[in-house]
Amino acid sequence: MIEGRVHRLATDHLPSDRLIVALDFPDAKAALALVDRLDGATRWVKIGLELYIAEGNSLVVELQRRGFSIFLDLKLHDIPNTVASAVRAATRLGVDMLTVHAAGGPEMLTAAVEATDANLALLAVTVLTSMDNAQLEATGVPGTAAAQVERLATMASGCGVAGFVCSPIEVASLRSRLGSQPLLVIPGIRPEGASVGDQRRVATPAAAIASGASYLVVGRPITRAVDPGAAARSILAEMQAVIGIAST
């Protein structure tokens, strides 16, 4: 059932069905003001830790009422029973995607998978896009970020996790290792000329889609633009050029 859900999501072909706008705001007022300026450019929004702690389920419900699909990016990482209970709560809430940390290990990931249903796509976060090789080594993990991404994704796939979050740099290697089925949701997207900010492993929208990304998560290049709707449409145009080539 979980695999069927992921396959349905991954076969969406319109760029507006594959662009997720990250609502990285401190409160609902700012988030909804941004949503109002998107002019229908996407049906997906991401609610991260800051906004969810500030507003809770009420904002999720309001965005669902407005017709948006919800990517709840909480990066759950706890003992297996606690994570499973949180996944069941997210399932009842009706969100469409939810993240857990792959570093939580096989037992936690298996418990999370068993707590999902066919309406929730569970994504395992591999290595945060803010981390490079030096940052990873400082946590006690030797080797490259790319190697750790493959290690964690392979382990999580064996636990039944059908979707992953990685940087755009690792998309092609994960596609080669895991095939076309996994849902790859990719942050660290920066249009040409955009500021990298605190991201370390980034790529353009076109490069990420060409490598095999299922969905792109974009925050500041849209949310801090003078015209967020126009910024989103510009990214959609980059995506469409590559999607059109891939579908011919």
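## Helix 8 against helix 9

Helix 8 and helix 9 pack with their axes 11 Å apart, at an angle of about 40°. Axes here are lines fitted to C-alpha atoms, for helices over the stretch in contact, and angles run from 0 to 180 degrees between N-to-C directions. Helix 8 and helix 9 are therefore oblique to each other; angles under 35 degrees count as roughly parallel, over 145 as roughly antiparallel, 65 to 115 as roughly perpendicular and the rest as oblique. The crossing of helix 8 past helix 9 is right-handed, a term for the near helix being turned clockwise from the far one by less than a right angle, with anticlockwise giving a left-handed crossing.

On the side of helix 8, the residues that meet helix 9 are V149, E150, A153, T154 and S157, and their partners are S173, L174, R177 and L178. By class, this contact of helix 8 with helix 9 holds 4 nonpolar, 3 polar and 2 charged residues. Contact means heavy atoms within 4.5 Å. Ala, Val, Leu, Ile, Met, Phe, Trp, Tyr, Cys and Pro count as nonpolar, Asp, Glu, Lys and Arg as charged, and the others, Gly among them, as polar.

## The model and its chain

This is a predicted model, in which local features need pLDDT of at least 70 and side-chain atom pairs count only at pLDDT 80 or more, while totals for chains, interfaces and linings use all residues. Residues are numbered from 1 along each chain as its sequence is written, and side-chain values use heavy atoms, with hydrogens and water left out.

The chain has 12 helices and 8 strands. Helices (H or I, at least four residues) and strands (E, at least two) are DSSP runs, numbered from the N terminus. Of the 248 residues, 53% count as buried, where buried means under 20% relative accessible area, exposed over 50%, and partly exposed in between (1.4 Å probe, protein chains only). Among contacts between residues at least 6 apart in sequence, 69% join residues at least 24 apart.

## Helix 8 and its surroundings

Helix 8 covers residues 145-158, a run of 14 residues. From its first C-alpha to its last it reaches 20 Å, close to the 20 Å expected at 1.5 Å a residue; the expected span is 1.5 Å times one less than the number of residues. The buried residues of helix 8 are A145, Q148, V149, E150, L152, A153 and A156. Their cover includes helix 6, strand 5 (121-125), helix 7 (133-138), strand 6 (163-165) and helix 9 (171-178).

After helix 8 comes G160, with a positive phi near 100°. E170 is placed in the loop between strand 6 and helix 9 and counts as buried at 2% relative accessibility.

## Helix 5 against helix 6

Helix 5 (residues 80-93) packs with helix 6 (residues 106-115) at an angle of about 25°, their axes being 8 Å apart. That makes the two helices roughly parallel. Helix 5 passes helix 6 in a right-handed crossing. P80, V83, A84, V87, R88 and T91 in helix 5 meet E107, M108, A111, A112 and A115 in helix 6. This contact comprises 8 nonpolar, 1 polar and 2 charged residues.

Within helix 5, V83, A84, V87, A90, T91 and L93 are buried. Helix 4 (57-65), strand 3, strand 4 (97-101), helix 6 and strand 5 are among the elements that cover them. Just after helix 5, G94 takes a positive phi of about 90°.

## Individual residues

D39 is in the loop between helix 2 (28-36) and strand 2 (44-47) and is exposed, with a relative accessible area of 55%. K75 lies in strand 3 (residues 69-76) and is partly exposed, at 28%.

P228 is found in helix 12 (residues 228-246) and counts as buried at 1% relative accessibility. Leaving aside residues up to four places away in sequence, P228 touches L34, R37, L38 and I222. The C-alpha atoms of P228 and V35 are separated by 8.9 Å, although these residues are 193 apart along the chain.
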